[in-house]
Amino acid sequence: MTEILFYGGPIITVDSTHIDPEAVAVADGKIVCVGSRLDAEKSLSSKAHCIDLEGKSLLPGFIDAHSHPLWAAKTRGAPVVDVRAETVPTYAALMGKIKRRVAVAEPGEYLLFFGLDAQLHPDMESPSRETLDEIAPNNPIGIQTSNCHALYLNSAGLQACGIDENFETPTGSIIERDENKRPTGKIAEAITWSTLEYFYEAWGDIRLSEGFATTVQEFVENGITTTTEHLYMPFYKVYFQNALKHGWAMPRIAAYQQATTSDMAVESLSEGDDRLWMAGVKIHADGSPFIGNIWLTQPYLENEITLHRMDLKPGHTGSLNYPQDYFEEMVRTYFSQGWQMTVHTQGDRTIDMVLDLVEVLLKETPRPDHRFRLEHCALMREDQIERAKELGVICSFFINHITHWGGPIEDALFGPERAAHYMPAGTAVKKGMRISLHADTPMTDPSALELMKASMTRTAKDGRCLGQDECLDVMTALKSVTIDAAFQIGMEDKLGSISVEKHADFVILESNPLETDAANIADIKVVSTYLAGERIWHND
Amino acid sequence: MIKSNSIRLPIITIGGFLGAGKTTLVNSLLSKSEGKRFVVFVNDFGAINIDHALIKTVEQDRISLKNGCVCCSLNEDLVKSISNFSSSKKPPDAVVIEASGVSDPRALDSSFNMLEASGAAFLDTRVYVLDAEGFGGLNYEDSELIVDHAVAADLVLLNKCDLITLEKLNLLKSLISESAPYSNVQETTHCELPIKIILSDNHFLGRKRNVHFSEVINHEEKYTQWSCETDSLIDRDSFLQFVNEFSQYCFRSKGFLRFSDEPDELISFNLVGLRASYEKLGKRPSLSSQLVMIGRREIMNVEVFKTGFNDIQVIC
């Protein structure tokens, strides 16, 4: 039995019953004592391994409450070429990069590029099927947008994925077509992700396993000991099992199975000692603010970005992904089966619709502790937060939108008033909601410290602050990536704080985040990560 | 939290693959230092620190980062060391970091954030040295890595350009200019270029100049420097537009500005590549607005600048 004693530095328990203890004792992967050093020592045998923190801070392992680690490996790992605006700043540069890749491609090789961005590539055009055919006549080629929701294909790509004039558009998906019903090459929503599977499959399993190992490593290097696989699909299981079998340092995974129909069997899943389990169901109610398919009460702004790069019509207010009754039937089915629901909602009109539905469902099948989750919640209004609170609905905010796209959100998409309450985490907390924050990897990189910084400063890349009133204090920000995130995945009794009987999942930070300026929180070095009392990563 | 007993050191980073000419550039900077003192951090893979031995400066100003890549494990040492220099009794004029050939230049960002936040230093110029002769012989992965790294630089030097044909040089130039549209791309031989393009000159703050326009022909005739000064206030919007225009033609500009919407506040202006930054220096109403620009002689049209500079002044 492995026993460890931690002492010698600030211990931030995130548990109000144990503030500033001297030491923490761990035995057999669980926390057995939190308190004075003497008590902690007494709870262990003489063989316990003593770890002097030497002034560094011990915290509960971080929890990112909405992520896609396996899907991130598929989406971003090699041979996918990263063309996000950070490294490929313009559309012209992006096309140049694609041409150079095509020039060294094997005949028939599947080529995929990730990161086209209507908001951040200033000269962006919609890459047409014809343009891509000209560049790559002999290779299936796909360009995925950085928000993951849309994909541009050439003819070989459409053919390889079986999309032609006669292909019926699945409910909830978009296949853009010309007047003769011929696909233009642009597809969006669920069809994007099923189409991409053809590319991933063509590259084989070894690539994916290696990519997954790299992605998992990124999470633990950032001190994340638990995360979710939102949009889990049954065939994912083998990769997680493989990781556990080979003893990879993989965070605990709460799976949320993707539903696109109401007749799906949600898999019961429980592996290891809380290493992988089925936590609930994920359904998209609407899409991405960055491609225009979210449902709003007030229209988008009208400018070059919205009208040209995003190709929206004046007065555009978007729509739902699915016909409303189809969506409601899905939610009703899985909710009545007792699953926790996590519903992707960005536009305020979408949120109205979902809250109406929750109210009906709770009358039909009352459930005291349903923890119905709304995901991302970009344009949620204050009255909706109040209503959500009354219904027991909780929100997980994709706060990194502000750091990554804050400028365009204010200037090009929604204007200053809506930008000041975009991802309204502060209002939700003021109304008494237990919120979580997420990076939605692969959309943004996994880092709980970056989430904290984003929620505390709401500062965009260009230095502007979007809505000072919505900023969180450091303790609330910390809770939203530890104990409140644990609450949102239904694991607050086992994870999320340094408390007796919980799993011994920790992160050691070089300096104390409670005493660090908000602007510098993301720069704190992660020293070590522990999962079930075992050190799974150390920065040496 | 700006430490009162320290000065903010400008940091220059120099990146590039092995053999591109980084050490040559460092030595060139040192030889043209005009009395300025640089502290040089040399980063070298492997146990024998070859680059360290090649840097021509006094021993105590040459710090080698052995057995590691400056982008990851050594960040903390770097931050501590630079902070110490900034608060020392005789701080240097600038810090030069020669990054290892393979490190991702973005990985240094968190160190710079910490240094800027502590008030010890600020990132002045990021230079990337590219071996123009060797580039064509690289495989796809290596050449793309170079392109990605060049994007993160303010100034990209296509070095050893004398060793390839004009046709190849033009192809390379258009490839890099297209891929790194926000960087200045310069052709060099032996990394020869004026030091003022790389290191900003803070020394004219507070000095009253008599001339209102001046043009200094650099010792290398390719480059020219132009400066101007005015007691009038400057219209902020017009200035932003002016910067947009002249940033296409000059490599480097530095200045102090007083805007009409905030007349008491002195603003420090710094243009590196196409990256313009503005920083409030506090209430110093006695100082006039000053601007210095450096650019290539053949494309810098001084008449256009003069007219532009006149147009941005608010007539009281």
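This text walks through a sheet in chain A and then the interface of chain A with chain B. The model is predicted: local features need pLDDT of at least 70, side-chain atom pairs count only at pLDDT 80 or more, and totals for chains, interfaces and linings use all residues. Residues are numbered from 1 along each chain as its sequence is written, chains are lettered from A in the order in which they are written, and side-chain values use heavy atoms, without hydrogens or water.

Start with the sheet. Six strands of chain A form it, open and mixed in pairing, in the order β7-β8-β9-β10-β12-β11. Strands here are DSSP runs of E, at least two residues long, and helices are runs of H or I, at least four; two strands pair if DSSP finds at least two bridges between them. The edges are β7 (81–82) and β11 (173–177) of chain A. β11(A) runs antiparallel to β12(A) (183–189), with four bridges joining them. In one of these strands, β12(A), Pro183(A) is the bridge partner of Arg177(A).

Helix α3(A) (91–103) packs on the sheet, touching β7, β8 and β9 of chain A. Its direction makes about 165° with that of β8(A), taken between N-to-C directions on a scale from 0 to 180 degrees, with axes fitted to C-alpha atoms, for helices over the stretch in contact.

Now the interface. In contact (heavy atoms within 4.5 Å) are 18 residues of chain A and 17 of chain B. The rule finds three salt bridges across it, each a side-chain nitrogen of Lys or Arg within 4 Å of a carboxyl oxygen of Asp or Glu. Lys97(A) and Glu144(B) meet in a salt bridge at 2.5 Å, N to O. α3(A) gives the largest share of chain A's side, six residues.
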